[in-house]
Structure formats: C-alpha cells, structure tokens
Amino acid sequence: MNILEEINIKGFVDEPIDPTLDLFEEIERLKKEKNAVILAHYYQEPDIQDIADYIGDSLGLSQQAAKTDADIIVFAGVHFMAETAKILSPSKTVLLPDVKAGCSLSDSCPPHLFAKFKEKYPDHLVITYVNCTAELKALSDIVCTSSNAVQIVESLPKDQKIIFGPDKNLGAYVIKKTGRDMVLWNGACMVHEIFSEQRIVKLKERHPNARFIAHPECEDVVLKMADYVGSTTGLLKYTVDNPAKEFIVATESGIIHQMEKANPDKVFIPAPPNNACACNDCPHMKRNTLEKLYLCLKNELPEVTVPMNVIEKARKPIERMLEISERLGL
Ligand code: 13P
Ligand code: SF4
C-alpha cells in the first residue's frame with residue numbers, strides 16, 4: 001500500500017515511532033525547521049493543547065489562520081476547521097493529523113440537499129455556522145461561529161429574512177436571543193445532544209453552589225437551566241471571571257484541561273450524558289493524537305486541500321464574518 005492509499009483508508013500515515021523519542025522535543029524541532037505553526041481546538045487531548053502555538057475556539061482559530069506567516073499550518077481539530085484555514089490561507093500547506101477527523105454536525109447537512117432547501121427561500125440570506133463543509137460555505141452569504149452568531153444576526157436589518165444552518169440548537173438559541181424568525185436546517189452535534197436534563201437536575205441538587213455552564217449547541221431544555229451559555233472561549237473566560245468554586249460543564253470534555261489550568265483552585269464536573277456508557281468526548285476531535293501530530297508534521301501529510309473554485313466562493317462569507325467580528329471587537 002502506498003502512502004496516499006494508506007491515508008485514504010486509515011486517515012493518517014501509520015509509521016512506527018521510535019519509543020525513545022521525546023515527541024514534544026521532536027515536534028518543537030520540526031516546527032522550527034519547517035516554519036510550521038500548530039493551531040489546536042480546546043477539544044483536543046491535553047498533550048496536543050500543551051504543544052500548540054495557539055489554542056482557541058472556532059472564531060479564534062480562524063482569526064489565527066488568516067494572519068499567520070508560517071509556511072505550514074498543522075490544524076489539530078477537525079476537517080471543516082482545516083478547510084477554513086486553507087480557504088483563508090490558500091498559499092499555505094494545511095495539515096490535519098488524522099484526515100478522517102470529521103464532524104457529525106457538518107455531516108448532517110449535505111451541500112446538495114442544502115442547495116435544494118435554499119431554493120425554496122429565494123429572498124432569504126443564508127447564514128451558516130462554521131461547522132460545515134467548504135461546499136456549504138460556498139452556498140452561504142455569511143458564516144458565523146458560536147461566539148458571534150447572535151451579534152452577526154443582530155447586525156442585519158430587522159426585516160431581513162434568514163436561513164440558518166446546519167445547527168438547529170444554535171439556531172434556536174439565536175432566535176431566542178435576537179427575536180428574529182429564522183428558517184432552520186435540522187442538524188445537530190452528537191456530543192452536545194447527549195446531555196441528560198434529569199441527571200443535570202440531580203447533579204445541581206448535589207452541588208447547590210456550582211454554576212452550570214453550557215455551549216449553545218446543547219438542546220433548549222439544557223440551555224434553559226444554564227447560568228451562562230457561550231462558546232468554548234466564552235465558557236473558559238466565565239470560569240475565570242466568576243468567583244464560584246464549582247462548575248458543571250455541558251460541552252466536550254477537552255475544554256476542562258484549560259479550565260483546570262486557568263483555575264487550579266476550582267472544581268469542574270462534566271455534565272452527565274443520558275446514557276451511563278456514553279461520555280462527553282467528541283470521537284472526531286479525539287482521533288488526533290500526539291503521535292499522529294508528530295507523523296503529520298514529519299511527513300507533511302495528510303494535507304487538506306480545497307478546489308480553487310470553492311475557495312473563491314467560500315472565502316467571501318468567512319471574510320464577512322471576520323470583518324463583522326473585528327468591527328464589533330469580538
Ligand atoms: P466553538 O469552539 O466555537 O465553541 O465550537 C465548538 C465546536 O463544536 C467545535 O466543533
Ligand atoms: Fe462536530 Fe460536535 Fe465534534 Fe464539534 S463536538 S466537531 S460540532 S461532532
């Protein structure tokens with residue numbers, strides 16, 4: 001099997017690694033040698049977060065990808081994030097440690113079906129959450145993330161008709177916050193839909209002083225109970241700014257690593273899923289490992305590419321989001 005066939009099947013180059021190698025040192029060395037930067041999402045495993053040059057939420061990562069002067073971007077996250085980096089920096093090599101790191105939310109909105117859906121609402125503006133494919137972004141007018149969705153919708157005229165996709169939960173949250181009547185695509189994230197209302201109620205009773213914080217990809221029944229709703233960066237900031245000593249966290253478990261680092265004297269409890277066998281890990285985010293990150297930097301594979309005609313169309317709605325965010329100081 002050649003290297004490209006192997007990537008096609010496994011998602012990464014499966015090469016033996018010398019067990020005596022210090023992967024942290026090797027990654028640092030390769031980064032300097034190749035002028036590479038590592039951008040990591042908060043949902044990555046702790047070792048990856050610790051070696052990254054920048055850790056952030058989807059908005060922060062897009063902003064970094066747009067302004068980096070590195071030759072290589074290693075994107076420790078999922079496929080749609082690496083695609084967004086490629087769209088914003090097409091001349092750079094964008095690598096993803098495991099190219100099969102996908103996203104259930106992105107998968108819930110196939111572009112050909114969304115194009116048909118969009119045809120039914122010809123006078124609507126299309127806002128898409130960044131958690132979607134490059135092809136879907138190319139069908140959009142503005143992209144948003146969980147940290148700016150409310151402000152982006154509010155920046156539009158009140159009578160503007162809007163289609164919002166693919167996340168129905170974030171869409172419903174934005175409708176509630178802005179009072180706008182948007183047409184929603186029926187998509188969702190498998191991690192954020194797993195939380196159990198009943199078990200959260202019981203957990204809150206056992207920890208009456210804990211603050212309950214949630215990501216807006218969660219369902220409305222969960223968000224209704226939250227003391228604070230925000231993007232991963234927003235949630236992290238809240239745990240620093242709020243004097244409470246205990247927090248129940250309804251989002252992917254990876255963010256707890258940064259919460260503990262930023263607040264060594266505070267306790268973070270993952271919100272319970274509705275099935276005792278389930279956990280709050282995103283199986284897509286967690287496909288990346290330190291070993292795969294090392295191999296991808298060493299081999300400069302797997303690389304994420306986007307056809308130039310898609311880049312040209314998808315770039316505008318992402319840049320529109322970045323411009324609005326900059327104007328609003330987000
Ligand atoms: P944010 O990083 O924007 O909070 O999004 C969370 C997420 O689900 C990324 O896949
Ligand atoms: Fe996609 Fe959900 Fe995983 Fe984020 S946490 S990458 S939205 S499946």
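**Cavities, ligand, pocket and strands**

Analyst: The lining of the largest cavity comprises 12 nonpolar, 12 polar and three charged residues. In this classification Ala, Val, Leu, Ile, Met, Phe, Trp, Tyr, Cys and Pro are nonpolar, Asp, Glu, Lys and Arg are charged, and the others, including Gly, are polar. The model is predicted, so that local features need pLDDT of at least 70 and side-chain atom pairs count only at pLDDT 80 or more, whereas totals for chains, interfaces and linings use all residues. Residues are numbered from 1 along each chain as its sequence is written, chains are lettered from A and ligands numbered from 1 in the order in which they are written, and side-chain values use heavy atoms, without hydrogens and water.

User: How many cavities of 30 Å³ or more does the structure hold?

Analyst: A cavity is a set of points, on a 1 Å grid over the protein atoms alone, where a 1.4 Å probe fits but cannot get out; a pocket is an open set with protein on both sides within 12 Å along at least five of seven lines; and lining residues have an atom within 4 Å of a point. Grid points are joined across faces, edges and corners, and a volume is the space filled by probe spheres set on the points. Here there are two cavities of 30 Å³ or more. The largest cavity has a volume of about 240 Å³. Its lining has 27 residues, with Tyr43, Asn131, His192, Glu217 and Met285 nearest the centre.

User: Which residues line the second largest cavity?

Analyst: They are Ser58, Leu61, Ser62, Phe75, Met81, Thr84, Ala85 and Val130. Both α4 and α5 give two or more residues to this lining. The volume of the second largest cavity is about 50 Å³, and its lining holds five nonpolar, three polar and no charged residues.

User: Where does ligand 2 sit?

Analyst: A molecule sits in a cavity or pocket if more than half of its atoms lie within 2 Å of its grid points. Ligand 2 sits in the largest cavity. A residue is near a molecule if one of its heavy atoms lies within 4 Å of it. Around ligand 2 are Tyr43, Val78, Cys103, Ser104, Asn131, Cys189, Val191, Glu217, Cys282, His284 and Met285. This shell has seven nonpolar, three polar and one charged residues.

User: Which element gives the most to the lining of the largest pocket?

Analyst: The largest pocket holds about 360 Å³ of space. Its lining has 20 residues, of which Ser146, Ser147, Tyr228, Ser231 and Gly234 are the closest to its centre. At least two residues come from each of α4 (58-67), α9 (149-154), β10 (228-229) and α13 (232-241). The most, four residues, come from α13. By class, the pocket lining has nine nonpolar, nine polar and two charged residues.

User: What is the order of the strands in the open sheet?

Analyst: Strands of a sheet pair through backbone hydrogen bonds, either parallel or antiparallel. Two strands are taken as paired if DSSP finds at least two bridges between them. The open sheet of four strands runs β10-β9-β11-β12, with parallel pairing. At its edges are β10 and β12 (267-270), each pairing on one side only. Strands β9 (residues 211-214) and β11 (residues 246-250) are joined by four bridges, and Ile213 stands opposite Val249 in β11.

User: Where does Pro302 lie, and which bond joins Leu301 to Pro302?

Analyst: Pro302 is in the loop between α15 (290-299) and α16 (308-327), and a cis peptide bond with omega about -5° joins Leu301 and Pro302. The loop between α15 and α16 also contains Glu300, a residue other than glycine with a positive phi near 55°. The bond from Gly165 to Pro166 is likewise cis, with omega near -5°; Pro166 lies in the loop between β7 (162-165) and α10 (168-178).

User: Is Tyr129 buried or exposed?

Analyst: Buried means under 20% relative accessible area, exposed over 50%, and partly exposed in between, with a 1.4 Å probe and protein chains only. Tyr129, in strand β5 (residues 125-129), has 2% relative accessibility and therefore counts as buried. Glu300, at 32%, is partly exposed.
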